[in-house]
Amino acid sequence: MEQYGDPHGDSPGRRPGRGHLPAGGGGRLIDLANAVREDPALPRDAMAALLARHGETERELRGLTDSETAALRRAVAQLTERVLTETDTDRAAEALNALLERRAARPRLSRHGGHLWHLHVDRSDDASWADWFTAAAALALAQLLSERGGIAWGECAAPGCRRLFLGGGPGARRRYCSRACATRTRVAEHRRRQRGG
């Protein structure tokens, strides 16, 4: 049975700062991935607004220059292509291991910019936005994969929809980004069967 709830996997009210792994593993990750898929040239202001919705402060976002935005877009696209659209668990695990080897450092606790203590896995508190995103997202996805024993994310199977999502809890693997897409697909299949085609 498909499970929907929070489509992003974040706990309400938890707003991590830069470098902090998202609670539950990924509203920021999925929102960034979907935004960059929709607009591969996503401008700096749109990227900053999205990051602000996920708890980044105005002070932190001052460092998000146009060149940092371009590098972050590339990092998001790479993670999407190599991991978020991968359907084979072994290949996804290998891709995550490669990203962690290249971008992550030994985990450490940090308390900067007025945030509470939180986990960093990027190489330093001054890491680039792309390095921060790749390290934090790869670790969050690796945690999800290990906890669930397989891929816990995907691309919506509804015709015409390419939205990415994080899976629900245990049970059958999720195929759609929302109830709306699942219902629309089931209704279309039912009508097709009724027409005999």
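User: At what angle do α2 and α4 cross?
Analyst: In this predicted model, the axes of α2 and helix α4 (residues 66-84) cross at roughly 70° and come within 10 Å. Axes are lines fitted to C-alpha atoms over the stretch in contact, with angles from 0 to 180 degrees between N-to-C directions; helices are DSSP runs (H or I, at least four residues), numbered from the N terminus. α2 is therefore roughly perpendicular to α4 (65 to 115 degrees).

User: Which residues make the contact?
Analyst: Arg44, Met47 and Leu51 of α2 meet Asp66, Thr69, Leu72 and Arg73 of α4, contact being heavy atoms within 4.5 Å.

User: And how do α1 and α2 pack?
Analyst: Helix α1 (residues 27-38) packs against helix α2 (residues 44-53) at about 160°, with axes 10 Å apart. The pair is therefore roughly antiparallel (over 145 degrees). In α1, Arg28, Asp31, Leu32, Ala35 and Val36 meet Met47, Leu50 and Leu51 in α2.

User: Changing topic: how many disulfides are there?
Analyst: The count is 0 disulfides, taking a disulfide as a pair of cysteine sulfur atoms within 2.5 Å. For Cys161, the nearest cysteine sulfur is that of Cys177, 3.8 Å away. The sulfur of Cys181 is also 3.8 Å from its closest cysteine sulfur, in Cys177, which is too far for a bond.

User: Is Cys181 buried or exposed?
Analyst: Cys181 is buried, at 8% relative accessible area (buried is under 20%, with a 1.4 Å probe and protein chains only). Cys161 is buried as well, at 13%.

User: What conventions apply?
Analyst: Local features need pLDDT of at least 70, side-chain atom pairs count only at pLDDT 80 or more, and totals for chains, interfaces and linings use all residues. Residues are numbered from 1 along each chain as its sequence is written, and side-chain values use heavy atoms, leaving out hydrogens and water.

Conventions
Helix = DSSP H or I, 4+ residues; strand = E, 2+ residues; numbered from the N terminus. Parallel < 35°, antiparallel > 145°, perpendicular 65-115°, else oblique. Buried < 20%, exposed > 50% of the residue type's maximum accessible area, 1.4 Å probe, protein only.
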